[in-house]
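Have the sequence and the coordinates open as you read.

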Amino acid sequence: MTPAAHAQAAIEVLTEIEERRSPAAKALKDWGAAHRFAGSGDRARIASLTYDALRQRASIAWRMGSDAPRALALGTLAFVRGVTADGLAASFSGDRHAPAAPDEAERAAIAGCSLDGAPAHVAGDYPEWLDAGLAEAFGDDRAAEGAALAQRAPLDLRVNVLKGDRDKALAALAHLNAEATPLSPFGLRVALTSDGRGPPVQAEPAFLKGLVEVQDEGSQLAALLAGAGVGEQVVDFCAGAGGKTLALGAQMDNRGQLYAHDSDIRRLAPMHERAERAGLRNLQIRSPRGAKDVLADLDERADLVLVDAPCTGTGTWRRNPDAKWRMRPGALEQRMIEQDAALDAAALLVRPGGRLVYVTCSLLPHENGARVAAFRERRPDFAPRPAAEAAAAVGAPSLAAHATEDGAAFLFTPRRSGTDGFFVAILTRS
Ligand SMILES: C[S@@+](CC[C@H](N)C(=O)[O-])C[C@H]1O[C@@H](n2cnc3c(N)ncnc32)[C@H](O)[C@@H]1O
């Protein structure tokens, strides 16, 4: 397929997303099933163009004066990929699968290309109903924070120190131009292709042998700040597929006991194979078993309990731009209820003097500081550990630069730290 045919396909996929409210992944899959001639490389390019359009949907629509799928696709090529109107006209001619060349109005919009006067939710590419929450978090910087969340995400890896150090991993992945990430001592960043696709790292020997795992640098920092100690009793209460569990296990050097739990057994399933590959030997996976309390024996026994809470995922919009336009206020309210429930249940496991670490990948104060404050009303025996102290305790004092204004937690964002958005609060039980 030609680039013009990719553009036409992206217009068709965006039409499906806009008109039928199909999730982007489903619309792309359906398009592929209906166009069997498209190879995997073509489908990847169409997906990349579609996701680029969704990331900056509001600002592209503003600049183009239209949110029609064709305007979004042309605007993406112009504003995200830097193709000129003449370039588009040349590319779109002579291919029967190509969109029509840009007309006069489209050419003018591409040449004008200004966001002057755009409201924050347009310049920052987020839903208008979230403006108040993001204003509370970032004030006048909310458009800039939103714009950083509307860029492509890098491909980050975590070096598994149970299998080797960062230099060994850098050497193993030199052909991918891997570089050390700036904040995580275990992080590597792999270059993307010009249209935003990453190399197939999961096929690399370094990955297959467990030397590296795919994990955003922000997620690595959240696990690092949890500060799992060698020989400790550690519970990953909302472990999911184990992204942070594996990082905690590496910190513990396979000594002490690590328990992974999640209320959804399906989410835990991939962890068995991932832990095996990582060489993790001190892990017990405590899967839910109906009404039975599978963590009852750990009541008040854990040195550290990590609650990587279910959340709206606003901090991961770079990777999942479809989610930001599909999110509804009811979902935020539901997540807040779940966050309170997870914190209350997890707190029962913390021994006196132990730590409860609350993490979300959201930037909304309702899911972050407000949940910690509400929890402390119910459990006054938990107090926040100052961020500067927590950063120093894990040997990363410079992370104190990412403390929240009150110094009681951390907030990472694509604009401030170049990572996905993460909130981390460390609470100590008296
Ligand atoms: C953000 S995800 C976890 C991601 C995972 N820790 C990682 O790093 O890959 C949140 C998880 O919390 C789980 N969850 C929600 N409520 C829970 C509860 N009350 N108890 C335990 N797990 C819960 C969800 O099933 C979901 O897998």
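Val305 sits opposite Leu356 in strand 9. The two strands involved, strand 8 (residues 302-308) and strand 9, run parallel and are joined by six bridges. Strands here are DSSP E runs of at least two residues and helices are H or I runs of at least four, numbered from the N terminus; two strands pair if DSSP finds at least two bridges between them. A word on ground rules: the model is predicted, local features need pLDDT of at least 70, side-chain atom pairs count only at pLDDT 80 or more, and totals for chains, interfaces and linings use all residues. Residues are numbered from 1 along each chain as its sequence is written.

Strand 9 (residues 350-360) has eight of its eleven residues buried, so the rest of the structure largely encloses it. "Buried" means 20 or more other C-beta atoms within 10 Å of the residue's own, "exposed" means 12 or fewer, and "partly exposed" is in between, with C-beta atoms placed from the backbone. Strand 9 also pairs with strand 12 (residues 422-429), antiparallel this time, over six bridges. Within that pairing, Thr360 faces Phe423, and Arg355 stands opposite Thr428.

## What else strand 12 holds on to

Strand 12 is largely enclosed by the rest of the structure too, because six of its eight residues are buried. Strand 10 (382-384) is joined to strand 12 by three antiparallel bridges, with Phe382 opposite Arg429. Strand 11 (residues 410-412) pairs with strand 12 in the antiparallel sense, also over three bridges; there, Phe412 has Phe422 as its bridge partner.

Asp381 counts as exposed because it has 12 other C-beta atoms within 10 Å. Leaving out residues up to four places away in sequence, Asp381 touches Arg429 and Ser430, where touching means C-beta atoms, placed from the backbone, within 7 Å.

## The nonpolar cores

Which residues have the most contacts inside the largest nonpolar core? They are Val305, Val307 and Val424, in a core of 64 residues. A nonpolar core is a set of buried Ala, Val, Leu, Ile, Met, Phe, Trp, Tyr and Cys residues joined through C-beta atoms within 7 Å. Val424 touches Ala222, Leu225, Val357, Val359, Ala409 and Phe410, not counting residues up to four places away in sequence. Apart from this core lies another, of 31 residues, including Ala7, Ala9, Met64 and Ala71.

Met64 is also one of the buried residues of helix 4. Helix 4 (residues 57-64) is mostly covered, with seven of its eight residues buried. Those buried residues pack against helix 3 (40-55), helix 5 (69-80), helix 7 (104-112), helix 8 (120-123) and helix 16 (321-326). After helix 4 comes Gly65, with a positive phi near 75 degrees.

## Around the ligand

The ligand is surrounded by 18 residues, and the closest are Cys238, Gly240, Gly243, Asp264 and Asp308. A residue makes the list if its C-beta atom, placed from the backbone, lies within 6 Å of the molecule. Helix 14 (243-251) and helix 17 (329-347) are the elements that give two or more residues to this shell, and helix 17 gives the most, with four.

By type, the shell splits into eight nonpolar, four polar and six charged residues. In this count Ala, Val, Leu, Ile, Met, Phe, Trp, Tyr, Cys and Pro are nonpolar, Asp, Glu, Lys and Arg are charged, and the others, Gly among them, are polar.

## The annotated cysteine

UniProt, in an unreviewed entry, lists Cys361 for "active site"; such annotations may be inferred rather than shown by experiment, and the positions use the numbering here. Is Cys361 buried or exposed? Cys361 counts as buried because it has 24 C-beta neighbours inside 10 Å. Cys361 is in the loop between strand 9 and helix 18 (369-378). Its contacts, not counting residues up to four places away in sequence, are Cys311, Gly313, Gly315, Thr316, Asp420, Gly421 and Phe422.

## A separate look at strands 1 to 4

Four strands form an open sheet in the order 2-3-1-4, with antiparallel pairing. Strand 2 (179-180) and strand 4 (212-214) are at the edges with a single partner strand each, so one side of each has no neighbour in the sheet. Strand 1 (residues 155-159) and strand 3 (residues 187-190) pair over four bridges, and Leu157 stands opposite Leu188.

Methods
Contact = placed C-beta atoms within 7 Å.
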